[in-house]
Amino acid sequence: MADIRYVCLSDMHLGAETSLLTNLETASSKIDATRPSPVLEQLVACLRELISKNENPHPKPTLVLNGDILELALAQDRFAAMCFERFIELIMPPDDPVFDRIVYNPGNHDHHLWETARETQYVSNYLSVTKWGSALEDPWHTTNIFNYKNAVPSYFLNGLIHRQAHLKDMDIETAYPNFGVLSPDGRKCVIFSHGHFIEPLYVLMSTLLTMLFPANQMPVDVWDLEAENFAWIDFFWSALGRSEDVGRGVGRIYEKLQSEKELKKLLRNMANSLALKYDLPGWGDRMEAKLLECAFSIIADKISGLERNKPERSLSEDAEKGLWAYMEGPLRKQILVDTNKMPLNTTFVFGHTHKPFQEDMNFAGYAEWVSVYNSGGWIVDRVKLAPHYGGAVVLIDENLDGVSLRMYNEATDYKNHVEEARHPGDDPNPFHARISGLVERSHALWETFSHTVARAVNVRAQNLRARINSPC
């Protein structure tokens with residue numbers, strides 16, 4: 001039997017107008033968060049159909065939301081929250097919920113959800129049982145991979161869902177930055193991680209420390225990696241983007257990166273406007289504008305170097321080096337701390353790059369080659385569509401075997417494929433064969449999804465073109 005037990009989605013960016021899963025008004029780029037988007041409705045319909053074919057319907061699968069689910073960096077909080085409500089309505093109706101459990105593993109665009117969760121954890125699990133006057137420990141910056149006894153509730157998300165009467169006793173659990181499932185005999189594991197730590201930008205504070213203080217080394221522990229960089233990640237990707245004029249400006253920079261002419265015009269206009277609005281004592285407006293333009297240019301340079309802005313291959317050379325460093329360093333050490341020995345078989349699932357792929361990779365320190373899956377993303381933030389970008393859903397069965405349900409690729413292929421990370425020439429595992437057969441037998445449903453997502457991709461690309469060319 002190869003039933004679906006874990007469903008992994010990432011990079012939904014709910015609330016962003018560029019997201020295929022955020023509903024837009026007809027013939028407009030304005031958000032209508034009172035209804036689910038057509039792509040979101042069709043995606044949930046496809047998942048529900050697959051899960052309904054489990055031979056053992058209980059327990060229902062666990063949903064792993066693997067980061068950047070809510071867009072808290074470049075969208076208004078209320079839109080992100082309302083779009084998440086529409087998603088919950090589809091997957092957790094009172095009469096027939098799709099999942100029994102939801103685990104949320106924040107990324108960089110929704111990192112602030114981890115900050116609120118870890119503060120809740122510190123108060124509930126530690127301060128509440130610590131005597132007044134005792135020496136206090138520092139708050140913890142990570143959760144254990146495999147230890148679920150002290151699951152961290154998501155304060156914000158639970159506040160949303162508990163307003164539904166049938167969900168008032170359900171908690172969305174938070175893990176960060178890695179969430180893992182271990183087989184009963186300890187021989188196999190699946191680890192979910194958003195993936196932002198594979199990019200140099202998200203370990204910038206650690207890099208600066210090593211530059212300023214040569215005796216310092218880059219962190220080898222995931223908890224030190226987060227402790228050194230959490231404030232930077234939270235500020236730039238979960239706070240700055242929501243800061244009214246500055247936040248809107250960062251969003252416009254992000255979009256206009258595709259046009260050098262439009263970007264320079266935007267930076268100049270933003271700098272001049274802010275210099276006039278916020279007059280600094282002792283500085284002339286012209287000097288202030290130049291300083292602000294320089295600062296915005298630095299931001300633009302940082303954003304332009306992101307992995308998701310490199311369309312040539314599924315994983316750029318820099319990101320590949322970052323993935324190897326993360327797998328062989330912080331992640332491997334955390335696994336050993338949690339289990340005392342490496343499992344014989346490891347599957348690693350991440351997102352962040354918006355470029356889905358699957359590959360068997362040979363990392364040092366692991367017993368066998370690691371099955372690596374990237375779940376892609378659901379936004380269109382490029383006018384020129386590229387085939388490496390797309391969305392996928394990673395499915396895991398009760399034997400901890402995985403497959404990638406490739407939902408679409410931009411520009412070239414909007415049909416569905418079931419893929420597996422394995423050596424060339426190896427036979428597919430039974431789970432791959434089962435899911436492939438189920439998709440084939442529900443051909444009409446998947447074809448409807450393909451038509452829906454193709455249309456939505458082109459609409460958002462055209463909307464983005466219009467915003468880039470609009471006056472600043």
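Contact means that heavy atoms lie within 4.5 Å. The structure is a predicted model, in which local features need pLDDT of at least 70 and side-chain atom pairs count only at pLDDT 80 or more, while totals for chains, interfaces and linings use all residues. Residues are numbered from 1 along each chain as its sequence is written, and side-chain values use heavy atoms, with hydrogens and water left out.

**Exercise 1. The surroundings of Thr-142**

Determine where Thr-142 lies, whether Thr-142 is buried or exposed, and which residues Thr-142 touches.

Solution.
Step 1. Helices (H or I, at least four residues) and strands (E, at least two) are DSSP runs, numbered from the N terminus. Thr-142 is found in the loop between α3 and β4.
Step 2. Buried means under 20% relative accessible area, exposed means over 50%, and partly exposed lies in between (1.4 Å probe, protein chains only). Thr-142 has a relative accessible area of 12%, and therefore counts as buried.
Step 3. Not counting residues up to four places away in sequence, Thr-142 touches Trp-114, Tyr-176, Pro-177, Val-222, Trp-223, Glu-226 and Gln-334.

**Exercise 2. Aromatic rings**

State how many aromatic pairs there are, and classify the pair of Trp-114 and Tyr-176 and the pair of Phe-350 and Phe-357.

Solution.
Step 1. Rings of Phe, Tyr and Trp (its six-membered ring) pair if their centres lie within 6.5 Å; planes under 30 degrees apart count as stacked, over 60 as edge-to-face and the rest as tilted. The count by this rule is 14 aromatic pairs.
Step 2. Trp-114 and Tyr-176 have 5.5 Å centre to centre and 20° between the planes, and the pair is stacked. Trp-114 belongs to helix α3 (residues 111-126) and Tyr-176 to the loop between β5 (173-174) and β6 (178-182), so the pair links distant parts of the chain, 62 residues apart.
Step 3. Trp-114 is buried, with a relative accessible area of 0%, and Tyr-176 is buried with a value of 0%.
Step 4. The ring centres of Phe-350 and Phe-357 are 6.0 Å apart and the planes stand at 75°, so this pair is edge-to-face. Both Phe-350 and Phe-357 are buried.
Step 5. One aromatic cluster is formed by Trp-378, Tyr-408, Tyr-414 and Phe-449.

**Exercise 3. The sheet that contains β6**

Give the strand order of the open sheet of 5 strands, and describe the hairpin of β6 and β7.

Solution.
Step 1. Two strands pair if DSSP finds at least two bridges between them. The order is β6-β7-β8-β10-β9, with mixed pairing. The edge strands are β6 and β9 (357-361), each of which pairs on one side only.
Step 2. β6 and strand β7 (residues 188-193) run antiparallel and are joined by 5 bridges; Phe-179 has Phe-192 in β7 as its bridge partner.
Step 3. The hairpin of β6 and β7 has 5 residues between the strands, and Gly-186 in the turn has a positive phi of about 75°. In β6, 4 of its 5 residues are buried.
Step 4. Strand β8 (residues 345-350) pairs with strand β10 (residues 370-374) in the parallel sense over 4 bridges. Here Val-349 has Tyr-373 in β10 as its bridge partner.
Step 5. Axes are lines fitted to C-alpha atoms, for helices over the stretch in contact, and angles run from 0 to 180 degrees between N-to-C directions. Helix α10 (residues 317-339) lies across β6, β7, β8, β9 and β10, at about 120° to β8.

**Exercise 4. Asp-171 and the strands beside it**

Locate Asp-171, identify its contacts, and describe the pairing of β2 and β3.

Solution.
Step 1. Asp-171 lies in the loop between α4 (155-161) and β5. Its relative accessibility is 41%, so Asp-171 counts as partly exposed.
Step 2. Leaving aside neighbours within four places in sequence, Asp-171 is in contact with Ile-102, Pro-153, Asn-158 and His-162.
Step 3. A polar contact is a pair of N or O atoms within 3.5 Å; within protein, one must be able to donate a hydrogen and the other to accept it, and residues adjacent in sequence count only if both atoms are side-chain atoms. The side chains of Asp-171 and His-162 make such a contact, of 3.1 Å.
Step 4. Strand β2 (residues 62-65) and strand β3 (residues 101-104) pair in the parallel sense over 4 bridges, and Leu-63 stands opposite Ile-102 in β3.
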